[in-house]
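Work through the exercises below with the sequence and the model at hand. Each task is followed by its solution in steps.

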Amino acid sequence: KCKFIESLMLGIPMPPLFAFTLDDSGNMELIDGVQRLTTIQDFVDNKFKISKLDLLDKLNGLRFKDLHPSRQRKFRDLSLRIFVFSEKADAGIRADIYNRINSTGKKLTEAEIRRGAFMNNSFYDFVLEISEGKTFNKMFTSAKPTSKLRGEKEELVSRFFAYSDRYLDFIHSVKHFINEYIIDKGLSFNKNEKEVKKEEFENVMHFVNLHFPHGFKKASTFNSIPRVRFEAIAIGTNLALRENGNLVPKYMNWIESEEFKEHTTSDAANNKNKLVGRIEFVKKCLLNIIKKEDLTYQE
C-alpha cells in the first residue's frame, strides 16, 4: 500500500481501471483495480500510516491528515483512467477480459522505476543520455532485446558511475546504493562535471572496444552481457585509466584465467568483498600489478 501511495506522489502513472456497466442507471462493476482504489480511499481516510518508503522517506510515519495541505490537495487532484465495457458482455466474456488483463503485466525493473522516480534529477537525465551513446550501443547490440527495451542499458550506466566513485562504500543493497548515489549527484550535478564524466565513460568504452576481443561479452557467440562481467571490466578499466590515462596493457589473456572466471561466474551482487574483488582484479591486471605468471589457466 505504501509503495503504491509513494508511486502516485512521485507522478508514476497508475495502470487504468477496468469496469462493466451493470444497467442504465450508470452503476458499474469494477473487475480490475479494487485494491488500488481501496488503498487510495483508506489512505485519504487516515486508516494507515506511510512506512518503509525509500525515496520519500521523510513522509514515513505520517497519515494523510499529517501531510502539508498543498500535498494533500495535489494528491486529491490525481487523475484516474477507467475503461468501461458494455453491460452486454456476458460472464464468459468478462472472465476472458479479466484473464487477459491479469496475465500480461510484468514487474517493473529497477531502471524503469528510476525513470519515473527521477524525472527531475539532472544526473539521471545524464545517465539516460549516456546510455544512448554510439560506442556503448555498438557494444550492447547483441544483448537480449527485452533487456535493452526494459532499462538494462541505464542500469549498467548507473552502476558504472556509482561503483566507479563509491564502490568501497558499498554495504549491502544494490538498489539503495544506486538510488542514493543518483539522488546525491542530482543535488549538485553541473555542466563541468557532466563533461568530465561523459569523457571518462567514452574513454572506457573506447578502451574496451580496442583491447577486449569480445567487449563485455564472454565470446562473440554470446547474446547477453552479464552484469558482474560488465562491472568488473568497465569499472576496473576506469580505475586503471584514472591512474594511467595513457595505459597500454602488457597482456590481455588474463581474461581467460581461472581467477577471472571465478570473479565473474557468481553474481553475489550484494556481497561487497566479491564486488571489490572483481573490480580490483581487472584494475590490477591492466596495470600489471598482477602479472601474467601469477595466474592459472585451464590446460
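**Exercise 1.** Which side chain meets that of E152 in a salt bridge?

*Solution.* The model is a predicted one, in which local features need pLDDT of at least 70 and side-chain atom pairs count only at pLDDT 80 or more, while totals for chains, interfaces and linings use all residues. Residues are numbered from 1 along each chain as its sequence is written, and side-chain values use heavy atoms, without hydrogens and water.

Step 1. A salt bridge is a side-chain nitrogen of Lys or Arg within 4 Å of a carboxyl oxygen of Asp or Glu. The partner of E152 is R227, at 2.7 Å from N to O.

Step 2. This pair links distant parts of the chain: E152 lies in helix α9 and R227 in helix α12, 75 residues apart. Helices (H or I, at least four residues) and strands (E, at least two) are DSSP runs, numbered from the N terminus.

Step 3. Buried means under 20% relative accessible area, exposed over 50%, and partly exposed in between (1.4 Å probe, protein chains only). E152 is buried at 12%, whereas R227 is partly exposed at 33%.

**Exercise 2.** Find the buried residues of helix α13 and say how they are arranged about its axis.

*Solution.* Step 1. In α13 (residues 258–265), the buried residues are E259, F260 and T264.

Step 1. Viewed down the axis of α13, these residues fall within an arc of 115°, so they line one face of the helix. The arc is that of the directions from the helix axis to the C-beta atoms.

Step 2. The face turned away from the buried side carries the exposed residues E262 and T265.

Step 3. Cover for the buried residues includes α12 (227–243) and α14 (272–286).

Conventions
Contact means heavy atoms within 4.5 Å.
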